[in-house]
Amino acid sequence: MLSTQPSDEDDQYVLVAKVDNARNVSNILKAVHFKERELATVFASENGLKVTVEDAKCVQANAFIQTGVFQEYNMTVDTTTFKINLSILLSCLNIFGSNPASAGGATPALKMCYGGYGTPLMLMLEENGVVTDCHIKTLEPDETLDFNFNSTNVINKIIMKSECLKDAFQELDMTSEVLEILMSPDKPYFRMSTFGNAGSAYSDFPKDSDMVEVFQCTQTQTNRYKLVLLKPTVKALMLCSKVSIRTDHRGFLSLQYMIRNEDGQICFVEYYCSPDEECDEDYEDR
């Protein structure tokens, strides 16, 4: 196994992180991997890693991998930020295969090192004595979007178990351009609607359902979001056990997914999405 003891050569890096099961990192990163947007911004701090992916200035996905996920996590600076090709990073992390251990898949150990601005991200993966080194070019980070989503401005909030939402998302009519979300203190409480080639369809979720753990809706809100921008959220939904759905006074949407990794640790993935009218101009400029 990769040694968890700090070595002298580690002193040259601003970030050194080791984890016994690389899948605990790769599975979370898959939840924010957009096919159309391969570049991700990595923020490293004493609290762990935040990996951010954005699309069309209208949607932002954040994966949070806290230090507790790693067996070793050391930084010699307060924070460091770089941009990286997420598709290449995931390919390297899954170089020994991506099947879960329960299905006989590999659980390679991972050591990840970053030397600071302009240096590559170095990965060392070890499985049954076989060691693979990967050096991935990093790029200068761009400034990420600030959706200014403040909890004090949240109008409606629902926390629910993911099972029923998984079923609803799988049944969405993907020929619809938008997903309409209604949240209200009155019936139908929470409704998701699509308007596709076969007509309109909707799914309702009563507030007293066993699946709903928290229902805090203060006023009726109906907002539309581009369905193509929300498609990537399905990856996070399939991995999570609970999901928090919030909207603020502007109609901006926050989807927060609680994901339990193979070692039972909790990680979070959060998506922010602008309502459709905010997106139209940016999306058409793509």
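**View 1. The largest pocket of the predicted model and its lining.** The space in this pocket comes to about 240 Å³. Ten residues line the largest pocket, and those closest to its centre are Lys35, Glu36, Val228, Lys231 and Pro232. Sorted by class, the lining of the largest pocket holds six charged residues, three nonpolar residues and one polar residue.

**View 2. The second largest pocket and the strands that contribute to its lining.** The volume of this pocket is about 150 Å³. Its lining is made up of 14 residues, of which Lys50, Gln60, Asn62, Leu145 and Tyr272 are the closest to the centre. Two or more lining residues come from each of β3 (48–55), β4 (59–66) and β19 (266–273). With three residues, β4 supplies the largest share of the lining of the second largest pocket. By class, the lining of the second largest pocket comprises six nonpolar, five polar and three charged residues.

**View 3. Helix α1 (residues 23–30) and its buried residues.** Buried residues here have under 20% relative accessible area. Seven of the eight residues of α1 are buried, so the helix is largely enclosed by the rest of the structure.

Note on methods. Residues are numbered from 1 along each chain as its sequence is written. This is a predicted model: local features need pLDDT of at least 70, side-chain atom pairs count only at pLDDT 80 or more; totals for chains, interfaces and linings use all residues. Side-chain values use heavy atoms; hydrogens and water are left out. On a 1 Å grid over the protein atoms alone, a cavity is a set of points where a 1.4 Å probe fits but cannot get out, and a pocket is an open set with protein on both sides within 12 Å along at least five of seven lines; lining residues have an atom within 4 Å of a point. Grid points are joined across faces, edges and corners, and a volume is the space filled by probe spheres set on the points. Ala, Val, Leu, Ile, Met, Phe, Trp, Tyr, Cys and Pro count as nonpolar, Asp, Glu, Lys and Arg as charged, and the others, Gly among them, as polar. Helices (H or I, at least four residues) and strands (E, at least two) are DSSP runs, numbered from the N terminus. Buried means under 20% relative accessible area, exposed over 50%, partly exposed in between (1.4 Å probe, protein chains only).
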